[in-house]
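Student: I would like to learn how to read a structure like this one. Where do we begin?

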Amino acid sequence: MGFFDEPYDLPTAADGRVEGVAKVTGGGKYAAEYKVDGLCHAVLVGSTIAAGKIKSFNLDNAKQVAGVLGIITHLEKPLVPGLADEAKIKEARLGLAVFHTDKIFFKGQPIALVIADTLEDATYAASLVTAEYEKEPAKLDFELALKNIQLTPAGKDRGNIEALNSAPHSVEAEYNIKAEVHNPMEMHATIAEWKADDKLKLFDKNQGVNNVQRTFAKLFNIPVDNIEVISEFVGGGFGSGLRVWPHALACIMAAKLVKRPVKLMLTRPQMFHSVGYRPAAWQKIKLGANADGKFVGIHHQAKNGTSVYENFNEGITRVTRLIYHFNNLKAEAATVPLNLSTPTWMRGPGDCTGDFAIESAIDELSYKLKMDPVALRMKNLALEKHPDNGLPWSTNYINECIEKGAQMINWKDRKATHSQTIEGDWSIGYGMAVGAWNAGRGTASAGIQMQKDGTITVQTAMTDIGTGTGISMQNIAHESTGISKSKIKIELGNSNLPPAPSQGGSNGLSSIGGAVVAAVSALKLKIAEYATMQNEAFKNAAAADILLSDTGVSFKTTNNHFISYTSLWEKNNLNILEVEASSGPGAERQKFAFCSSAAHFCKVRVNRKTGKVKIERLVTVSDGGKIISEKAAANQMSGAAVGGIGMALMEEQLTDERLGTLVGNDFAGYHFPVNADAPIIEVAFINKPDPNINPQGSKGLGEVGIIGTAAAIANAIYNATGKRLRDLPITPDKVLLA
Amino acid sequence: MRPFLFSKSSAINQALAKKNNTTQYIAGGTNLVDLMKKNIAEPESLVDITSTLSAKIEPTAKGLQIGAMVRNTALANDATVMAKFPLVSKAILAGASPQIRNMASTGGNLLQRTRCPYFYDVTTPCNKRKPDSGCSAIHGENRMNAIVGYSEQCVAVHPSDLCVALAALDATVKTQDKSGKTQSIAFKGFHRLPGTTPEKDNNLPANALIHSIELTENSFAKNCAYVKVRDRDSYAFALVSVAAALNLKGNQIVEARLASGGVAHKPWRWFEAEQFLKGKTANAANFEAAANIAIKGLKPLSHNGFKVLMLKGAIETALQQCLNP
């Protein structure tokens, strides 16, 4: 008997994930793991050039492989009504209309799809497909291409940026960040099955099942409800699952062609060009301050890479308007088209990039001012209102994050000038930075099913991409019902369940929490309705008057007019009680501004002989409003911090313009941090509820954990060595040569 | 991946009899399977030699014989190796990941292909993959590539850490052919420089298998170090690595060994620097002087100039660590 065959009967820890046992025992099913009768396999063939046109295919060798069921190309394909002509393709805004063009925009772009009985046959046959191309010159070098791109205003100016010219202290510098790739552990995959000509079932890796459903309903011109999307377990996303990508459409087309269920799973090398990435970025900052440290203003210029077939503006200068008082502000941005696939949102999109430049410049300025960087930030924080739209913050505890972080890392041990602490070949230093994110909320729905024994199942279509949505829903349902957690089940990640927005932009819990609270209220009212039949006291009761327990319902206090669920169910001849409710943002959005924030503190050791940077301590203190599930929240923050280490020290997608190719598109070539690169991340929360954002008072945390991390590390490297490194990642060679 | 036949062999001559141009041996498979997945190696048949070759570490009259099938993890954790040849253990543990070390064999470690991102991308020219197709790396993204011993045809580097230690310790590679004849090849002559035949990584005779590695007892066990500078601290190839070993008499260096990974198509010995250290006092000034000798005349490529400075630092660090192992 193998390890995974052993029966298990493990209780979930009291504060453990609702899906935890299933995940660690292999019981949880990820998209590609479902067993479907008659399943066959599809493998994508990528273009071997980066720009040009397909002239012809040679499919003969591939077709001769036993077990091949069909090959899709732009010349031979099943009809996709939503892409039937050029006008519809434009309207579909799919980015890349896969198999609907002979044009090549990037290397690896799918040009053919081979479907076979087995994965092995499909893989082999795919390797035999070749194409003739009409090759055109390709642009892949961001730093070269950006020079010819003009900046345009990014939002309204504040004051007059000329004021910077007379600022007594200023910093002007350029910052470059290489492209980064999400690479969640689970590779993107789809299983598509046409249940009827107009009925589609998908097991799919994504961050929002309703988005997938809507996209394909439109493309195949069928009702939304005819498409079922199941994404119950998602092995990480980091933003890569927020769009519907070409491979999912390709898989559905394949299922249409062979009239069988088809599985398509991207390979790891394909993951580098198929599901987005954080684009390369160039920035220039000019920051000025008065002698007392008060900021005079900031001029922030930013360019990010995009594809030649779609424009993706990352919003790098958004964060410039969020954290500090800048009476004079000018922001400009541009995108730089390249022969690469389209980039997309990646954890802390835009803000993470912009924040690195701003927080590095502020650190640099602090040395010029001979002022502690903590004090300099404290002096300039916009704590009362959103500096751009003028609305008062509902809550903003970024100052408390800074204070707590400084205390945790013993900031007082930091030396005010660089290169002061030396141990053998190692120089030691401290750095810090802050980050913030506009805290959002979307409209979401949740349902509750209640059984006679008092067990409830709370449901939503929202996915849990590892963020702890499930455990948080359970905690909120427990808090608002009083029913024990052991009697609360969670079902999610299925489009048959009540609709919800995608899990992204730190909006997941903020959105679904209110829906759970609303569903609980609906459940209470429904129970009160039935209870009224037995006891008039429940008549016209408000949800707040109703108290639920594991065994029954009562009015206001647990001993008042208690009716057991058993008796309620029997008297009313009930089977399952079902409610559904929606909840979303309202008038509070016109009254207040909302933000999550974090302060990051770092202690590094830098080896003067080898250039190696070791992170000795990394402290992250964040304001995410009320913390609903501390373990899951801390897990989010430490994961984000490790992502920040990757951004700071090693992640970079290299390109080769001469050959039109990505370089090192595998895990041996593209480095992200492993345990050996990260200390135990020290996480703390301010944990004060935001009274306006949603009923549970929680603000999203996913993004702020990484916004500022890279700057904190770079600033610590400066404090240790006097080397100001403005280009990420800071690999040992850069440290050595600086 | 191309479909292939798979068979097992229990004896060396049986395995050797199966070998032809379209056959490849598979032991741990930690490199070959990757190459097959990327359509770089496309054998028609694989001969599994995991039960063909010895997985034993045995004492010999002069030292130790390591069977070709000894897994990297077993070799790193062997008590005799740790006591008498700790440099071998240190080097192995600096390489790959625990999972890979559990699978990888000693013989396979020697025979793994050199690294270069373009070698791993079949859509780009590469003389090693396809002779005379051109070298993409020499004027491309060559940050990880060679700074010494390369040719116009190839600038790839040998990725092994174990081999750097074996080179430093003057190991011997024992091979066996179909007739049962064994041959001993000095480690420094086992791997090749690319020259005009970059497709050949080593001098393993045709129709022969690596039988074992032999190590001779030495006086380097006490003062040795392996320093590997890499972009991340586990599961990453070396930017540069240094195996250093000193035979000390008091403060005097009787003999020194210095070898590097990440710098050339083969594990690279710094003979002149070793020679310089002979008879010198073990101190920072002499270590730096030795490092300067090593880096003299190196010819980095367009994107790896840093390796010269890094190598200097790594040699100094490794020699220093020899004093406090």
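Tutor: We begin with the words helix and strand. A helix is a DSSP run of H or I with at least four residues, a strand is a run of E with at least two, and both are numbered from the N terminus. Keep in mind that this model is predicted.

Student: Where does B:Asp170 lie?

Tutor: Look between two such elements. B:Asp170 sits in the loop that links α8 (162–168) to β6 (172–177) of chain B. Its phi is near 55°, a positive value in a residue other than glycine.

Student: How do I read chain B as a whole?

Tutor: Start with its elements: 11 helices and 12 strands. Then check the radius of gyration. For chain B this is 19 Å, close to the 20 Å from the globule rule for 325 residues, so chain B is as compact as a globular protein of that length. Its C-alpha trace spans about 60 × 50 × 30 Å along the principal axes. Of the 325 residues, 54% count as buried.

Student: Which parts of chain A touch chain B?

Tutor: The elements of chain A that give two or more residues are α4 (119–128), β27 (654–656), β28 (661–663) and α18 (732–737). In total, 30 residues of chain A contact 27 residues of chain B. The chain A side has 12 nonpolar, 10 polar and 8 charged residues.

Student: How is chain A divided?

Tutor: Into three pieces. Domain 1 covers 32–137 + 185–236 + 241–274, domain 2 covers 350–439 + 592–737, and domain 3 covers 444–584. The C-alpha centres of domains 1 and 3 of chain A are 40 Å apart.

Student: How do I read a sheet?

Tutor: Find the strand order. One open sheet in chain A runs β16-β17-β25-β26-β29, with mixed pairing. β16 (421–423) and β29 stand at the edges with a single partner strand each, so one side of each has no neighbour in the sheet. Neighbouring strands of this sheet are turned by 25° against each other on average, direction ignored.

Student: What does mixed pairing look like here?

Tutor: Compare two pairs. β17 (426–438) and β25 (595–607) of chain A run antiparallel, joined by 13 bridges. One of the pairings sets A:Gly431 against A:Cys602. β26 (613–623) and β29 of chain A run parallel, joined by 4 bridges. There A:Val619 stands opposite A:Glu682.

Student: Which residues of β29 are on its covered face?

Tutor: First, the general idea. In a regular strand the side chains alternate between the two faces of the sheet. In β29 (682–685) of chain A, A:Val683 and A:Phe685 are on the covered face, while A:Glu682 and A:Ala684 are on the uncovered one.

Definitions and conventions. Residues are numbered from 1 along each chain as its sequence is written. Chains are lettered from A and ligands numbered from 1 in the order in which they are written. This is a predicted model: local features need pLDDT of at least 70, side-chain atom pairs count only at pLDDT 80 or more; totals for chains, interfaces and linings use all residues. Domain bounds come from an automatic or database domain assignment. Two residues are in contact if their C-beta atoms, placed from the backbone, lie within 7 Å. Ala, Val, Leu, Ile, Met, Phe, Trp, Tyr, Cys and Pro count as nonpolar, Asp, Glu, Lys and Arg as charged, and the others, Gly among them, as polar. A residue is buried if 20 or more other C-beta atoms lie within 10 Å of its own, exposed if 12 or fewer, and partly exposed in between; C-beta atoms are placed from the backbone. Two strands pair if DSSP finds at least two bridges between them. Axes are lines fitted to C-alpha atoms, for helices over the stretch in contact, and angles run from 0 to 180 degrees between N-to-C directions. The radius of gyration is taken over C-alpha atoms; the globule rule is 2.2 Å times the number of residues to the power 0.38.
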